[in-house]
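The sequence and structure are shown first.

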Amino acid sequence: MKTASRFLMAVSVWLCLAATASAEEFSDPSMVLIPEGEFVMGSGKAEDEPPHAVHLSAFYIDRHEVTQMQFEAVMDDNPSNFESPNHPVEQVTWYEARDYCLQVGKRLPTEAEWEKAARAGMTTVYYWGDAIDGDHAWYWDNSGKTTHPVGQKKPNPYGLYDMAGNVWEWVLDNYSDTYYTESPKRDPQGPFDGKYRSIRGGSWRDLEQTLRATRRNYELAAGRFDHIGFRCVREVE
């Protein structure tokens, strides 16, 4: 049974990593190209995020969190608690997020891809600086205890919106609190298995310290939470 489970997990990861797009042929204003290169992942502010160098291949990432309108158009369902077409879809399981991305020819980002895209070359606590700034994120103090339409706050230097706050975002990786100490330097994809999936970015219900770009968190993949959504990526051929 354990062998079968590992096989299914390997197939799932392979399918998620299969979405690619040629830099010369692909053009989509709803996605942003993140260039190939090395960055320092983690900050040392928590035991599960020791700083370490990571080299990532280039990839495209959605400019916005997937909205309820987008999700319903593809999956014929809207599981969200805060129902509104342009709000991020939430109460979506990791499996549903994965399946949506695959249906539109994309995949979930790895945790390393998500962090590089969020930080956008910045080394500060938040991707805009070292102090909380409500102009960049919806969080506990300014959200009104609800999600908001995507793209209302200021983007990060890569032009990505809501990489902090609004909703946490599912990523591809299984979560492990020791993975950063053992991950490969190039294109890490997370542990092979695990009880939880990683989420990144903080949400409308979180305090300011949770919004820092290196902050890690996790939840059960089958769980539904009104503070977790997602965005997708494409690889560059």
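What is the torsion about the S-S bond of Cys101 and Cys232, and is the disulfide left-handed or right-handed? The torsion is about -85°, so the disulfide is left-handed. The model is predicted: local features need pLDDT of at least 70 and side-chain atom pairs count only at pLDDT 80 or more, while totals for chains, interfaces and linings use all residues. Residues are numbered from 1 along each chain as its sequence is written, and side-chain values use heavy atoms, with hydrogens and water left out.

A search of the whole structure finds 1 disulfide, defined as a pair of cysteine sulfur atoms within 2.5 Å. The sulfur atoms of Cys101 and Cys232 are 2.2 Å apart. The pair links distant parts of the chain, 131 residues apart: Cys101 belongs to helix 3 (residues 94–103), and Cys232 to the loop between strand 9 and strand 10 (233–236). Helices (H or I, at least four residues) and strands (E, at least two) are DSSP runs, numbered from the N terminus.

Two strands pair if DSSP finds at least two bridges between them. Strand 6 (residues 168–174) and strand 9 run parallel and are joined by 2 bridges. Glu169 has Gly229 of strand 9 as its bridge partner.

Most residues other than glycine have a negative phi. Gln91 and Asn166 are listed below with their positive phi values.

| Residue | Phi | Relative accessibility |
|---|---|---|
| Gln91 | about 55° | 23%, partly exposed |
| Asn166 | about 70° | 0%, buried |

Buried means under 20% relative accessible area, exposed over 50%, and partly exposed in between (1.4 Å probe, protein chains only). Gln91 lies in the loop between helix 2 (68–75) and helix 3, whereas Asn166 is in the loop between helix 4 (111–119) and strand 6. Cys101 is buried at 0%, and Cys232 is buried at 0%.

The structure holds 1 cavity of 30 Å³ or more; a cavity is a set of points on a 1 Å grid over the protein atoms alone where a 1.4 Å probe fits but cannot get out, and lining residues have an atom within 4 Å of a point. About 50 Å³ of space lies in the largest cavity. Its lining includes Met41, His52, Glu111, Asp173 and Tyr179.

Methods: 1 Å grid on protein atoms, 1.4 Å probe; cavity = no way out; pocket = protein on both sides within 12 Å on 5 of 7 lines; lining within 4 Å. Points joined across faces, edges and corners; volume = space filled by probe spheres on them.
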